[in-house]
Structures are given as structure tokens and as C-alpha cells.
Amino acid sequence: MGQVNVLDHPLIQHKLTYIRDYRTGTKAFRELVDEVATLMAFEITRNLPLEEIEVETPVCTAKAYQLAGKKLGIIPILRAGLGMVDGMLNLIPAAKVGHVGLYRDPETLKPVEYYCKLPSDIQERELIVVDPMLATGGSASAALTLLKQKGAVNMKLMCLIAAPEGVEQIKEDHPDVDIYLGALDEKLNDHGYIVPGLGDAGDRLFGTK
């Protein structure tokens, strides 16, 4: 069963406060999301395997450690997920990046794929699927299903803020996927917005309405 991990690091919580604030403008919002993504990437990679090697220091030969060849992939869900990619690449620059685009059909309200471009070796990679908001969970669940259909076998989902309804949807549809959150909020309102949330992440990242 996948685990739900709320990353309560003080710096993440501090920066989330300003991300939530409606007075935070587009430039500052984008920079804060970038910073929180870096901090969350630090936490989500905590258990990457290491291997022991020898290194020559200026003094002597020493035993040291390096990552044991783990291949990583970052998969933003378009469009808001793009705002988290650079922050993660700051920490794990060797990761490959794929993209999944989904929109909600106005009649069926179901997610529909409109774009999917992935690394050719995703079945060999540990994928971190990123989207700032996990509201109903519909888009994230559809993205995870699509990735599994394309061959992905090892995935984590990383979101800034989630509603309990979205978390439950992912746990039901994808019990093998661990979830990493900056905060787990109270609920969804009648319009599908997370309460208290931060509004529309895409609009705030890109200055649109």
C-alpha cells in the first residue's frame, strides 16, 4: 500500500505560507514554487541507494559514497506541473523529463490526454510525477494510469497541496504509488477548489486568468 508523506520541514511550511497568500505576485509565486520543489526533491530522494567507492583526497585514499546508478525521471502534469520541474532539476540535474498533458472534458468531466512525451526507458526509471495541486485526484490518477500503460513500474506522486478527496482517489486507483505533499488541506469546495488551498496554481504561475 502506498504511503502518504506530508513533508513538514520548517522551510517548506514557511514558503508554503507565502505561496498561499493571495498578495503574492506571479514572479514571487513562481520563485517560491521553484524553491519548495527543490526542498521536496531533497526529501523524496532521501532513500536513493548508495554504493561505496574510493576517492583520493588531498590527504589520503578514503571510502566515500555515490548514488548507485538509480535512474530518475520527472514527469510534470501540464501545465501547472511545469512550475516544479526546474526546482527539482537544481538538485537532480541528471534526471530526464517527460510531459503528460490532460484536460477535463466539459461534458463527461473525465480527463482526456492531449500530449504525452516520455523518456524511452521509463520502465527502468523511478518516476516522480509532479503537480502543485491534488484536488479531486482525477487528472493525477489518469496520468499515473497512462504512465503505467506506457511501461512505468516505479512511480511517486509529489504535490504542494492536496485535499483528502484527492489523496483517497489516488490510494484507491494506485495503491502502489507513494504520495508526497507539502500540506494536506481540509476539503474541496463545491467548485472543486482545495480549501484553504492557494487558488489556481497554473494561473498564479503563468499570470493568466
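**Notebook: surface patch, cores, salt bridges**

Started on the surface: Val4, Val6 and Leu184 make up a nonpolar patch there, with about 210 Å² of accessible area together. I'm working from a predicted model, by the way. Val4 belongs to strand S1, residues 4-6. I looked up its cover as well: Val4 has a relative accessible area of 33%, so I noted it as partly exposed.

Next, the inside. Which residues have the most contacts inside the largest nonpolar core? I got Ile19, Met88, Met158, Leu160 and Ile161, in a core of 36 residues. At least two core residues come from each of H1 (10-20), H2 (26-44), S4 (72-78), H3 (85-89), S8 (126-130), S10 (155-162), S11 (178-184) and H6 (201-206). H2 gives the largest share, eight residues.

I picked Ile161 and listed its contacts, skipping neighbours within four places in sequence. The list has Leu16 and Arg20, then Pro132, Met133 and Leu134, then Ala183 and Asp185, and finally Ile194, Gly197 and Leu198. I also found another core lying apart, with 23 residues, including Ile75, Val129, Leu144 and Ile179.

Then I went back to H2. I checked its length: 19 residues at 1.5 Å a residue should span 27 Å, and the end C-alpha atoms sit 26 Å apart, so the two agree. Its buried residues are Phe29, Leu32, Val33, Val36, Ala37, Met40, Ala41, Glu43 and Ile44. What covers them? I found H1, H3, S8, S10, S11 and H6 among the covering elements.

Last entry, charges. Side chains of opposite charge can pair when their charged atoms come close, so I searched the whole structure and it came back with 13 salt bridges. I wrote up a few.

- Asp21 pairs with Arg23, with 2.8 Å between the closest N and O atoms. Arg23 is exposed, at 65% relative accessibility.
- Lys27 and Glu31 also form a salt bridge, 2.8 Å from N to O. Both are in H2, four residues apart, which is about one turn of the helix. Lys27 is exposed at 58%, whereas Glu31 is partly exposed at 38%.
- Lys63 meets Glu52 at 4.0 Å, N to O. Lys63 is in S3 (61-67) and Glu52 in S2 (50-56), so this pair ties together parts eleven residues apart in sequence. Lys63 is exposed, with 63% relative accessible area; Glu52 is partly exposed, with 47%.
- I also noted one network, in which salt bridges with shared partners link Lys71, Asp121, Glu124 and Arg125.

Conventions. Residues are numbered from 1 along each chain as its sequence is written. This is a predicted model: local features need pLDDT of at least 70, side-chain atom pairs count only at pLDDT 80 or more; totals for chains, interfaces and linings use all residues. Side-chain values use heavy atoms; hydrogens and water are left out. A nonpolar core is a set of buried Ala, Val, Leu, Ile, Met, Phe, Trp, Tyr and Cys residues joined through side-chain atoms within 4.5 Å. Buried means under 20% relative accessible area, exposed over 50%, partly exposed in between (1.4 Å probe, protein chains only). Contact means heavy atoms within 4.5 Å. The expected span of a helix is 1.5 Å times one less than its number of residues. Patches are made of residues with over 30% relative accessible area and no salt bridge: like charges are joined within 9 Å, nonpolar side chains (Val, Leu, Ile, Met, Phe, Trp, Tyr) within 5 Å. Accessible areas come from the Shrake-Rupley method with a 1.4 Å probe; for residues, only the protein chains shown count as cover. A salt bridge is a side-chain nitrogen of Lys or Arg within 4 Å of a carboxyl oxygen of Asp or Glu.
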